[in-house]
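Open the model in your viewer and get ready to select. We will go stop by stop.

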Amino acid sequence: MSNENPSSDVVVHTAAATQVPERFENPGLPVHKARMGDTDPAAAKRSERQVVALFGLSVLGTVGFLVAYFAVPPGETVESIRLSNLLLGLGLFVGMFGIGAAAVHWAKSLMSDHEATEDRHPQRSDATTRAAALDVLAEGAADSGIGRRGLLKGAVLSAVVLAPLTIAVPLIGQVGGDWNVSKFRHTIWEPGRRLARDPSGTPIKASDVTIGSVFHVIPEGLRDEEHWIEEKAKAVVLMVRLDPAVLKESPERAGWSYEGIVAYSKICTHVGCPVALYEQQTHHLLCPCHQSTFDIADGARVVFGPAKRALPQLPITVNDEGYLIAQDDFDEPIGPSYWERLK
Ligand code: FES
């Protein structure tokens, strides 16, 4: 007796069954078709030119990346940062794509097109086999034809030598930069600064925040700061109103929330992604990067994932007009924990 699953080819046999699964003939390899380049030297030359053009495209992409890096640096506006990132990304893409596409086209159209089969063998090969493998590698190098195709050699060398500049130049640009991590210890939150909606900057009244609602918050007047984008990157907050009955507050943080409204840094304490996926039923806040999960009802402690410490809490209250205001800055550095160790 056997149980057959109609949705698959799996056949399950019981102890009483002796039925053998149906076998079929090995269909073998399909008939080999010669490529145009194998029989027509002009086609082979055309393929070579295409490979050269793709490597040339990579060179252009790398050069474009370098020009964008120096000529279009990110400015103070979001638009200029977007433009800079767009140009850098395009240059990087074209630089890497050119090399990848050229390598694939080279292998498919210029390297020899024989089909090879190999029987299974023990994993550890003997000395003779390993020596043979080296011979195969050497043969492959010869097979690529790089020794006798001067133009191709120049193109591949140019593309491969220039491409690492897309990584090296930005890194070199950071040498001598401001690595003083103490600037991460403080944000522009200060006593009395109103909480405002991101990105409009409109101040928020406590009465606007209903139970279960989530607000993305920035300090009021953020855009008046000299380096407001950097300040925003540090000061962003996620604010939630919970039923006060579910809120667990430690004695030292009593009074840091207002009628169930709590505010926490939006910068993940793992490696700094914005933590903004709120699950209303569980009060969990999820970081989309590596799934660190924080319990907003319990001091934003870590309940899952690689983050090692709770999200810093912004102590808040309301002013005479009912607007939510900060009582002070965060009481600890925002962001990844390693900032604490680099004081
Ligand atoms: S950055 Fe948030 S979990 Fe890694």
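What covers the buried residues of helix 2? Keep that in mind as you start; this is a predicted model.

**Stop 1: helix 2.** Select residues 41–71, which form helix 2. Helix 2 has 31 residues, and at 1.5 Å a residue they should span 45 Å.

Next, color the buried residues of helix 2: Glu48, Val51, Leu54, Phe55, Ser58, Gly61, Thr62, Phe65 and Ala68. Look at how they are spaced. An α-helix has 3.6 residues a turn, so residues three or four places apart point the same way.

Now show the cover. It includes helix 3 (78–109), helix 5 (150–162) and helix 6 (165–173).

**Stop 2: the two domains.** Select 36–113 together with 128–173: the domain assignment calls this domain 1. Then select 183–341, which is domain 2 in that assignment. How many Å separate the centres of domain 1 and domain 2? Taken over C-alpha atoms, the separation is 46 Å.

Stop 3

Stop 4: Select strand 5, residues 237–241, along with strand 6. The two run antiparallel, joined by 5 bridges. Finish on valine 237: opposite stands serine 265 in strand 6.

Methods
Residues numbered from 1 in each chain as written. Predicted model: local features only at pLDDT ≥ 70, side-chain atom pairs only at ≥ 80, totals over all residues. Domains from an automatic or database assignment. Helix = DSSP H or I, 4+ residues; strand = E, 2+ residues; numbered from the N terminus. Expected span 1.5 Å × (residues − 1). Buried ≥ 20, exposed ≤ 12 C-beta atoms within 10 Å, placed from the backbone. Contact = placed C-beta atoms within 7 Å. Pairing = 2+ DSSP bridges.
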